[in-house]
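Dear colleague,

Please find below the sequence and structure that I am handing over to you. A summary of the findings follows.

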Amino acid sequence: MRVRRLAVSLLGAFLTAGSGNASGSPLTVEHTSNPGDLLFGREALQSISFTHDLTGSGFSPATDTLTTATLWLWFQDDRDPAAEKVDILLGDSWFHNNETIRSGAAPTPFAFAVAPLIANGTLHVSLTRQNGTFYFTGSRLTAEITRLPIAPTTGPAVPVSVVPEPTSLVLLGTGVVATGLRKRSAQRRRPS
Ligand SMILES: [Ca+2]
Ligand SMILES: [Ca+2]
């Protein structure tokens, strides 16, 4: 039993290590906006707009590709008998009309797949009350990204010229002189 638990931990550690910043591996980034439990329908609040920006959470448009992206929106009914309705505009044109806000102590959040709507890591969101009174309690954008491998930086080729060291020059000079002396000595020994 202990061995099995250890094997599971080791596998978990391996998987955790493998899901890091290695080239091409998926990463998860998220951005949360919580404007502070705004109550729609009273205090004249009818509409709110905000922008999620993943670039502040580690997403880089130059090297990262979005695989999936999910927007979560949390609302809370204040438990009156009326029905709660909200219009949700995502990006510039993705419109969800008259969505019903579900009641309950911990209502299920809306979840939208929004990867096609994200440009340069940002997503614009607008919420407009249509009916009832309700709280808007938070928004979260979660994305899985793939990071391109970073190419090693190679500088321009530098031309290399070989300059003989002074010691080499001395040895070379000595060799030339020695060869000359040997030739001269041989000529002297030759009978004329
Ligand atoms: Ca209600
Ligand atoms: Ca209500």
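**Confidence of the model**

In this predicted model, the element with the lowest mean pLDDT is helix α1 (residues 2-18), at 34, whereas β7 has the highest, at 96. Throughout residues 1-23 the pLDDT is below 50, and this stretch has seven contacts in the model beyond near neighbours in sequence. Where pLDDT is low, predicted coordinates should not be read in detail. For the protein overall, the mean pLDDT is 72, with 58% of the residues reaching 70 or more.

**Overall architecture**

The protein contains two helices and nine strands. Along the sequence they follow the pattern α-β-β-β-β-β-β-β-β-β-α. Of the contacts with a separation of 6 or more, 81% are accounted for by residues 24 or more positions apart. Among the 192 residues of the protein, 14% count as buried.

**The open sheet**

An open sheet is formed by four strands in the order β3-β8-β5-β6, with antiparallel pairing. Its edge strands are β3 (47-53) and β6, each of which pairs on one side only. From one strand to the next, the twist averages 20°. The antiparallel strands β3 and β8 are joined by seven bridges, and serine 49 stands opposite serine 126 in β8. In general, strands of a sheet pair through backbone hydrogen bonds, either parallel or antiparallel.

**The nonpolar core**

The largest nonpolar core comprises 20 residues, and Phe75, Leu123, Leu141 and Ala143 have the most contacts inside it. At least two residues of this core come from each of β4 (64-77), β8 (122-131) and β9 (134-147). The strand that gives the most is β9, with five residues. In soluble globular proteins, nonpolar side chains tend to be buried together.

Leaving aside neighbours within four places in sequence, phenylalanine 75 is in contact with Val86, Ile101, Pro107, Phe134, Tyr135, Phe136 and Thr137.

**Arginine 102**

Arginine 102 lies in the loop between β6 (94-100) and β7 (110-113). Not counting residues up to four places away in sequence, arginine 102 touches Pro107 and Thr108. Its C-alpha atom is separated by 8.9 Å from that of alanine 83, which is 19 residues apart from arginine 102 along the chain.

With kind regards

Key
Residues are numbered from 1 along each chain as its sequence is written. Chains are lettered from A and ligands numbered from 1 in the order in which they are written. This is a predicted model: local features need pLDDT of at least 70, side-chain atom pairs count only at pLDDT 80 or more; totals for chains, interfaces and linings use all residues. A nonpolar core is a set of buried Ala, Val, Leu, Ile, Met, Phe, Trp, Tyr and Cys residues joined through C-beta atoms within 7 Å. A residue is buried if 20 or more other C-beta atoms lie within 10 Å of its own, exposed if 12 or fewer, and partly exposed in between; C-beta atoms are placed from the backbone. Two residues are in contact if their C-beta atoms, placed from the backbone, lie within 7 Å. pLDDT is the predictor's confidence in each residue, from 0 to 100. Two strands pair if DSSP finds at least two bridges between them. Axes are lines fitted to C-alpha atoms, for helices over the stretch in contact, and angles run from 0 to 180 degrees between N-to-C directions.
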